[in-house]
Amino acid sequence: MPVKTTTTKMVSTREAYGETLLELGNAHEEIVVLDADLSKSTTTAKFGKKFPNRFFNMGIAEANMMNTAAGLATCGKVPFVSTFSIFASGRAWEQVRNTVCHSGLNVKIVATHGGVAVGADGCSHQCIEDFALMRAIPTMTVMAPCDAVETKKAVTAAYHHKGPVYIRLGRAAVPILTEEQDSFSIGKALIMREGGDVAIIACEIMVAEALKAAEMLSAKGVEASVVNLHTLKPIDRETITMVAKETGAVVTAEQHVLDGGMGSAVAMVLAKESPVPMEMIGIDNRFGQSGEPATLFKEYRLTADDIAAAALNAYNRK
Amino acid sequence: MKRPSIELLEDKAKQTRRHIIRMLGKAGSGHPGGSLSAIDLIVALYYGKLRHDPQNPAWPDRDRFVLSKGHSCPALYAVLAETGYFPVSELDTLRQFGTRLQGHPDCHLTPGIEISSGSLGQGLSVGLGMALAAKIDKKDYRVYVMLGDGEIEEGQIWEAAMAASHYGLDNLCAIIDNNGLQIDGPINQVMSPLPIPDKWLAFGWNVIQINGHDMKKILQAYDEAETLKGKPTVIIAKTIKGKGVSFMEGDADWHGKAPNKEQTEAALVELA
């Protein structure tokens, strides 16, 4: 497998979502889209412009929006529900849990503005708990794609999957890391780089940081595998166990609180299948705040430097 | 549909009240008060108005009924059993391990249940989604959602009320079981949602007020709601919590308490 390298093309995952919805909407009449007065930011407004009869702005009322989607789904529609991740996973959590998931409905929640990378809007709009909240719900599928190309695949896969799905997307433009021809299936992680000394498992925009960290490590003679865990649930036990066994040391990296996030999901697998020295990069029991994404990444220790340092720690504990 | 006589509807209501008491007595827990206040409205709907087919619960063109006040499911289970969705004998399994008749409705398990409910405040939004789907597909099925009067203290009800009016969903009909009591006491003492009609009018709904134990008035209200175009309709049905069992009537303590053996027998004598 060729080693992937970062490119300079920058596109936000939310933009890719808006484009993908247009394509899916063309092909599938049963797709309807709901938004809660953030359709310009989530980019669902593009769908609304092209398919006004299948687009419903539900106003600033996320709980109602989530259950309206549930009702539409009972009648054979495939609703894509969008707002910021804090509102989709937080404000409407119990609607997602009790009505959407318990009823087993085919509702696709695509939430943008995940993580501290939201930047200047600050804490109230930086969702760093959605993985934990959504993972905890029985039957839910949770994805966090790393770039625009993968977002298109994740959103398309969500459409074809029968049942509730939550996808976290981001606000900021991020580099394209994956290629059109890379395979994508829900629950199957993508190995972005192979190395035998340590494995970095990352999701969402932290995959870019992980790849940079791998380059830094390589310069020091430590070769890292980088696993893009785009699906948090169902989790890819096979790949996680395989890389842990091959490298003997694992680092996870996510823009999320450490409690209940992707790292803890990986730890749950490895504690049983292959306990190895493990380090976790994530937000440690703090809220976000205003600032440039790069500044915030430094403040919360989410940078490639932090990942590389954690990787060396894990490596040295072997 | 050929509409049954008022006498037959009243007989069905009495029979399903007996089912409610029997199944709750056997289960040893559950919610008799709101089941007994709602049963006449549900019987009238299923026997006199709703287009449905118990042999084909997934019929795409069926009218939908959402029991948003899910704790009153014994009433709905009794009617679903009597109309043929599942055997009447199954009512005895209410709330037991492995039953299809869960303590609150589970749409995966029970034929005829449109959506899982029990967490109050969510059903009107679900009905709104169903009504929107009908409009998108240019279908003429109607959607009925039963709410508790305590339930309308939930903020989401008013989000849904605003949205249903915004989208002009005249195929949506809310039915409020206005028995005046919630778990902790009278609604106007716990957290008053009064005046109820004014609030719905202000949210852009048609409002019909009836006695929720008068079969003729209930059917008239369902018919009238269907003729009103351009807006959703709410039927505010004045009811009595525990209606039909003298010692349960008007007593909030019977919201979520099952009758014991003696109370069950006494209630069944009253409902004979």
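Modeller: Two strands are taken as paired if DSSP finds at least two bridges between them. By that rule β6(B) and β7(B), the latter covering residues 233–238, are a pair: 6 bridges link them in the parallel sense. Within this pairing, Ile208(B) faces Ile235(B) of β7(B). Everything that follows refers to a predicted model.

The pair belongs to an open sheet of 5 strands in chain B, with the order β1-β2-β3-β7-β6 and parallel pairing. The edges are held by β1(B) (64–67) and β6(B) (206–211); each has a single partner strand, so one side of each has no neighbour in the sheet. On average, neighbouring strands of this sheet are turned by 20 degrees against each other, direction ignored.

Further along the order, β2(B) and β3(B) run parallel and are joined by 6 bridges. Val145(B) stands opposite Ala174(B) of β3(B) there. Strand β3(B) is mostly covered, with 7 of its 7 residues buried. Burial applies to both faces of β3(B): one side carries Leu172(B), Ala174(B), Ile176(B) and Asn178(B), the other Cys173(B), Ile175(B) and Asp177(B). Helix α4(B), residues 123–136, lies across β1(B), β2(B) (143–148) and β3(B) (172–178). Its direction is at about 170 degrees to that of β2(B).

The loop between α5(B) (155–166) and β3(B) contains Asp170(B). Its relative accessibility is 12%, and the cut-off for burial is under 20%; Asp170(B) therefore counts as buried. A polar atom of the Asp170(B) side chain is 2.8 Å from the backbone nitrogen of Gly230(B). Neighbours within four places in sequence aside, the contacts of Asp170(B) are Lys135(B), Arg142(B), Leu228(B), Lys229(B), Gly230(B), Lys231(B) and Pro232(B).

The contact involves 24 residues of chain B and 25 residues of chain A. About 1,900 Å² is buried between the two chains, and carbon and sulfur atoms give 57% of that area. On the chain B side, the residues that lose the most area to chain A are Gln122(B), Ile136(B) and Glu159(B), which together account for 25% of what that side buries.

Chain A has an open sheet of 5 strands as well, with the order β9-β11-β10-β13-β14 and mixed pairing. Here β9(A) (190–193) and β14(A) (278–283) are the edge strands; each has a single partner strand, so one side of each is without a neighbour in the sheet. From one strand to the next, the twist averages 25 degrees. Strand β13(A), residues 250–257, runs parallel to β14(A) and is joined to it by 5 bridges. In β14(A), Ile281(A) is the residue opposite Ala253(A). Helix α9(A), residues 206–219, lies across β9(A), β10(A) (198–202), β11(A) (224–228), β13(A) and β14(A), at about 160 degrees to β10(A).

Helix α8(A), residues 148–160, has 13 residues and, at 1.5 Å a residue, should span 18 Å; the distance between its end C-alpha atoms is 19 Å, which agrees. At the start of α8(A), a side-chain oxygen of Asp147(A) comes to within 3.2 Å of the backbone nitrogen of Val149(A). The helix is mostly covered, 10 of its 13 residues being buried. Among them are Ala148(A), Val149(A), Glu150(A), Lys153(A) and Tyr159(A).

Apart from neighbours within four places in sequence, Ser82(A) is in contact with Tyr17(A), Leu34(A), Asp35(A), Ala36(A), Thr42(A), Thr44(A), Met65(A) and Val110(A). Met65(A) is 17 residues from Ser82(A) along the chain, and the two C-alpha atoms are 9.2 Å apart.

Note on methods. Residues numbered from 1 in each chain as written. Chains lettered and ligands numbered in written order. Predicted model: local features only at pLDDT ≥ 70, side-chain atom pairs only at ≥ 80, totals over all residues. Heavy atoms only, no water. Helix = DSSP H or I, 4+ residues; strand = E, 2+ residues; numbered from the N terminus. Axes fitted to C-alpha atoms, helices over the stretch in contact; angles between N-to-C directions. Contact = heavy atoms within 4.5 Å. Expected span 1.5 Å × (residues − 1). Buried < 20%, exposed > 50% of the residue type's maximum accessible area, 1.4 Å probe, protein only. Polar contact = N/O pair within 3.5 Å; in protein donor to acceptor, adjacent residues only side chain to side chain. Buried area = accessible area lost by both parts, 1.4 Å probe.
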